[in-house]
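These are my notebook entries on a structure that I am consulting for the first time. I record what I looked up, entry by entry.

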Amino acid sequence: MIYDNLKNTGSYTFCEAGIAQVLEAAKAYTPENFPNARVVLDSDNVFMNMPAYETHGLEKAVMEAHIKYVDVMVMIEGRETIYVKNTERLQDVYSPYEEGRDALLAHMDEDVTAVDMQPGDFLVLLPQDAHAPGCHPGQPCKVKKIIGKVRITNGK
């Protein structure tokens with residue numbers, strides 16, 4: 001997991017090219033020009049889902065983990081808490097990994113780490129980083145967020 005702000009993307013030139021591609025593309029978006037759509041950067045290898053939605057409480061939190069794609073989440077507007085935990089340490093997996101949806105699903109454990117996302121912040125989530133996105137940090141909030149998807153070349 002990498003957690004930082006877009007102003008520091010120059011520090012991540014060592015990252016896989018697709019991650020850098022998403023971070024660079026994200027810099028072009030503001031709340032005013034946010035397309036609320038899918039933007040393809042490199043076929044199915046690198047793309048950005050760009051939803052606008054309202055955050056929810058912990059009662060709707062679902063941990064997810066992916067094997068085929070790295071998630072690169074970039075907050076454009078609003079505030080959101082994303083809970084993270086090592087995938088191997090999840091205690092209550094209710095849906096094992098399914099290749100068709102590229103996700104394992106689990107109930108949220110008590111010992112998760114909260115990551116507070118504010119405009120400009122980004123979070124890179126690898127297969128070992130189970131995460132519960134979309135949670136509010138106290139009050140529901142409307143957000144605009146980029147969810148970059150970068151295919152893992154050795155993924156299953």
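Which residue in S13 does Val 46 stand opposite? I looked this up and found Val 150. I note at the outset that the model is predicted.

Entry on strand S3. I then considered the strand that covers residues 46–49, S3. I found that S3 and S13 run antiparallel and are joined by 4 bridges.

Entry on strand S4. I looked up residues 52–54, which form S4, and found 3 bridges to S13. This pair also runs antiparallel. Within it, I noted Lys 144 of S13 opposite Ala 52.

Entry on strand S6. I looked up S6, residues 69–77, and recorded 8 bridges between it and S13, again in an antiparallel arrangement. Val 74 has Ile 146 in S13 as its bridge partner.

Entry on strand S13. I asked why S13 may be called largely enclosed by the rest of the structure.

Entry on Tyr 83. I located Tyr 83 in strand S7, residues 80–86.

Entry on the surroundings of Tyr 83. Leaving aside neighbours within four places in sequence, I found Tyr 83 in contact with several residues, among them Leu 58, Met 63, Met 108, Ala 130, His 131 and Cys 135. For Met 108, which lies 25 residues from Tyr 83 along the chain, I noted a C-alpha separation of 8.4 Å.

Terms used: Residues are numbered from 1 along each chain as its sequence is written. This is a predicted model: local features need pLDDT of at least 70, side-chain atom pairs count only at pLDDT 80 or more; totals for chains, interfaces and linings use all residues. Side-chain values use heavy atoms; hydrogens and water are left out. Buried means under 20% relative accessible area, exposed over 50%, partly exposed in between (1.4 Å probe, protein chains only). Helices (H or I, at least four residues) and strands (E, at least two) are DSSP runs, numbered from the N terminus. Two strands pair if DSSP finds at least two bridges between them. Contact means heavy atoms within 4.5 Å.
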